[in-house]
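Please look over the sequence and the structure shown here before reading on. The report that follows begins with a single residue and then turns to the chain as a whole.

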Amino acid sequence: MIIIFIRAIILFAVLLFVFRLMGKRQIGEMEPFELVITLVISELACIPMADRSIPITFGIVAILTMFVIHQFILLLSKSEKMQGVINGKPVMVIDAHGIDVKALKSLNMHVNDLLQSMRSSEYFSLEEVTYGIMETNGQLTVVANKNMEDKQQTLPIPVVLEGKWNEENIKENGFDKQELERLLTNEQVKLKNVILLAIDENKRMTLQKRNSSIYFKNVEVTRK
């Protein structure tokens with residue numbers, strides 16, 4: 001037990017030293033290669049920490065090797081071409097026409113994932129956003145619509161996402177589905193062609209059809 005205790009302290013000190021050298025970043029701010037290296041280092045530390053049959057030097061050498069790899073990749077990343085290969089490139093997912101569905105698919109994301117990222121950035125309606133860029137570390141960078149500053153007071157509720165009814169939101173927020181169907185009919189759009197339909201408490205509608213620009217309007221929709 002004493003040996004394991006001492007090994008754990010030594011490996012903890014090595015890990016702390018290595019991570020301090022790698023720089024201070026939260027997990028959500030890491031580039032893909034940094035996250036991979038962090039996970040590998042954690043696993044490398046656990047094995048010799050618990051298994052006394054493995055010399056502790058093996059674990060330390062492996063951890064320091066991963067640190068050297070990290071530094072080498074950082075040097076390669078100074079080249080724009082290599083940076084694109086290693087980390088990928090930022091992708092514009094919201095433009096002047098609204099949500100770029102093709103860009104989302106290239107990132108293996110759904111519209112709901114994008115809306116969640118917007119809320120994390122404290123933007124609750126697409127009407128508040130002029131451009132949105134998904135960075136290589138998974139963070140969404142938003143260029144705000146200055147005309148909408150401090151105007152969005154309520155949260156738009158998505159009732160249609162990528163051609164499907166959001167039954168849970170419709171039920172929880174007291175929407176009448178038949179009324180929503182009539183709304184789509186009035187807008188001359190079929191359900192399967194709707195990328196996003198959201199309505200807030202002020203009866204402000206957000207609608208984007210496939211192969212069409214997003215638009216916003218006030219509608220008469222009752223809620224129970």
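## One residue and its place

In which strand is the place of Thr206? In this predicted model, Thr206 lies in strand S8, which covers residues 204-209.

Thr206 counts as buried because its relative accessibility is 5%, and buried here means under 20%. Leaving aside residues up to four places away in sequence, Thr206 touches Ser125 and Leu126, then Leu196, Leu197 and Ala198, and also Ile214, Tyr215 and Phe216.

## Secondary structure and overall form

Strand S8, where Thr206 has its place, belongs to a chain whose secondary structure comes to eight helices and nine strands. The radius of gyration of the chain is 24 Å, whereas a compact globule of 224 residues would have one near 17 Å. Taken along the principal axes, the box that the C-alpha atoms fill is roughly 75 × 45 × 35 Å.

## Burial and contacts

Among the contacts in the chain with a separation of 6 or more, 52% are accounted for by residues 24 or more positions apart.

Technical notes
Residues are numbered from 1 along each chain as its sequence is written. This is a predicted model: local features need pLDDT of at least 70, side-chain atom pairs count only at pLDDT 80 or more; totals for chains, interfaces and linings use all residues. Side-chain values use heavy atoms; hydrogens and water are left out. Helices (H or I, at least four residues) and strands (E, at least two) are DSSP runs, numbered from the N terminus. The radius of gyration is taken over C-alpha atoms; the globule rule is 2.2 Å times the number of residues to the power 0.38. Contact means heavy atoms within 4.5 Å. Buried means under 20% relative accessible area, exposed over 50%, partly exposed in between (1.4 Å probe, protein chains only).
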